[in-house]
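I opened my notebook to look up how some side chains pair up in this structure. Here is what I wrote down, in the order I looked.

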Amino acid sequence: MDPTVSLQLSVDRSSPVPLYFQLSQQLEAAIEHGTLTPGSLLGNEIELAARLGLSRPTVRQAIQSLVDKGLLVRRRGVGTQVVHSQVKRPLELSSLYDDLEAAGQRPATQVLLNTLVPASAEVAAALGVAEGSDVHQVERLRLAHGEPMAYLCNYLPTGLLGLDSEQLEATGLYRLMRAAGITLHSARQSVGARAATAVEGERLGEPEGAPLLTMQRTTFDDTGRAVEFGTHTYRASRYSFEFQLLVRP
C-alpha cells in the first residue's frame, strides 16, 4: 500500500508558494516525524498527482527535491524509497551518539584508530600540553541505520581515562568520560563547511566535492581543564546544525 495514501496532503493554489514546494515540505515533515518510515516506498507519481489534482511534472519536482536532500532515493526496479530523516543537531554540549539515539537513528561506531601520538602544535595548544608529548588519538566513523554520517577525530590527554576500542564502538565518548567521573562543563566550538576530498567522499559515501560540514571543539571539565579536542566532518546531505538566537534587550 502506498504510505502517502494515509497522509493528509493538500495544496493551496491561492498561495504564492510553488505547488511542488508545498508538497515537498509536507512529505519532508512526514519523514521527519516518522509518518513515512525509512525503507517505505512511495507510490506511483501519476496516482499521487491525480489524487492531489497536480500535474505529474509538479509531483516529480517535489520528489526530486527530496532526492536531492538525501531523504528519498530512486532505486531501479524498486521505486522511490524513503531513506532517513536528516539529523538536526542543536549547538550544545552533547555527543553525536546521544543526538542520533535521541532522534531514533540507531547509532553505530567503527573505530578506525585508537593510539598514542605526539601532540601537534594545534592539539597541544587546545589541550594545554607540551608539543610533542603523548596524547590519545581516536578516529571513528559514526553511522546511523548502517549509513555513514560523520568522521570523528578526537584527542585526549593521557591518563584521563581508559579508551577501549570495544567500549568506543558500543557507546559514545562523552558517556565513557562521564562514567569515568569526568564532569563536562563547557566547550569552545567552531562550525564550517568545505568540499569533500576523494578520501573523505569514499569514507562517508559521498562523491568527491560534495559539501561537508566541519566542527572543531575543545571541551572543558568543571575545573577548567581541557579534556578533549575534536575535529569532525559531517555529510551535509544528512546533517545540519541548529542555532537558537536570542535578541538582546
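**Entry 1: a salt bridge**

I began with glutamate 147 and arginine 235, whose side chains meet in a salt bridge at 3.0 Å, N to O. The term asks for a side-chain nitrogen of Lys or Arg within 4 Å of a carboxyl oxygen of Asp or Glu. I noted that this is a predicted model, where local features need pLDDT of at least 70 and side-chain atom pairs count only at pLDDT 80 or more, while totals for chains, interfaces and linings use all residues. Residues are numbered from 1 along each chain as its sequence is written, and side-chain values use heavy atoms, with hydrogens and water left out.

Why does this pair tie together parts of the chain that are 88 residues apart in sequence? Glutamate 147 lies in strand β6 and arginine 235 in strand β9, so the bridge spans that separation. Strands here are DSSP runs (E, at least two residues), helices likewise (H or I, at least four), numbered from the N terminus.

Are glutamate 147 and arginine 235 buried or exposed? I found both of them buried. Buried means under 20% relative accessible area, exposed over 50%, and partly exposed in between, with a 1.4 Å probe and protein chains only. For arginine 235 I wrote down 8% relative accessibility.

Glutamate 206 counts as buried, at 15% relative accessibility. Leaving aside residues up to four places away in sequence, glutamate 206 touches Gly201, Arg235 and Ser237; contact means heavy atoms within 4.5 Å.

**Entry 2: counting the bridges**

How many salt bridges are there by this rule? I got four. One of them joins aspartate 221 and arginine 225, with the closest N and O atoms 3.0 Å apart. Aspartate 221 is buried at 4% relative accessibility, whereas arginine 225 is partly exposed at 42%. I also noted that bridges with shared partners join Glu147, Glu206 and Arg235 into one network.

**Entry 3: rings**

Then I turned to aromatic rings. A pair of rings is described by the distance of the centres and the angle of the planes. Rings of Phe, Tyr and Trp (its six-membered ring) pair if their centres lie within 6.5 Å; planes under 30 degrees apart count as stacked, over 60 as edge-to-face and the rest as tilted.

By this rule I counted two aromatic pairs. Tyrosine 20 and phenylalanine 21 form an edge-to-face pair, 6.3 Å centre to centre with 75° between the planes. Tyrosine 20 is partly exposed at 25%, and phenylalanine 21 is partly exposed at 35%.

The rings of tyrosine 155 and phenylalanine 229 have centres 6.3 Å apart and planes at 25°, so this pair is stacked. Tyrosine 155 sits in strand β6 (147–157) and phenylalanine 229 in strand β9 (226–235), so the pair ties together parts 74 residues apart in sequence. Both tyrosine 155 and phenylalanine 229 are buried.

**Entry 4: a charge over a ring**

Last, I found the charged end of arginine 203 over the ring of tyrosine 151, 3.9 Å from its centre. The rule wants NZ of Lys or CZ of Arg within 6 Å of the ring centre and within 35 degrees of the ring normal.
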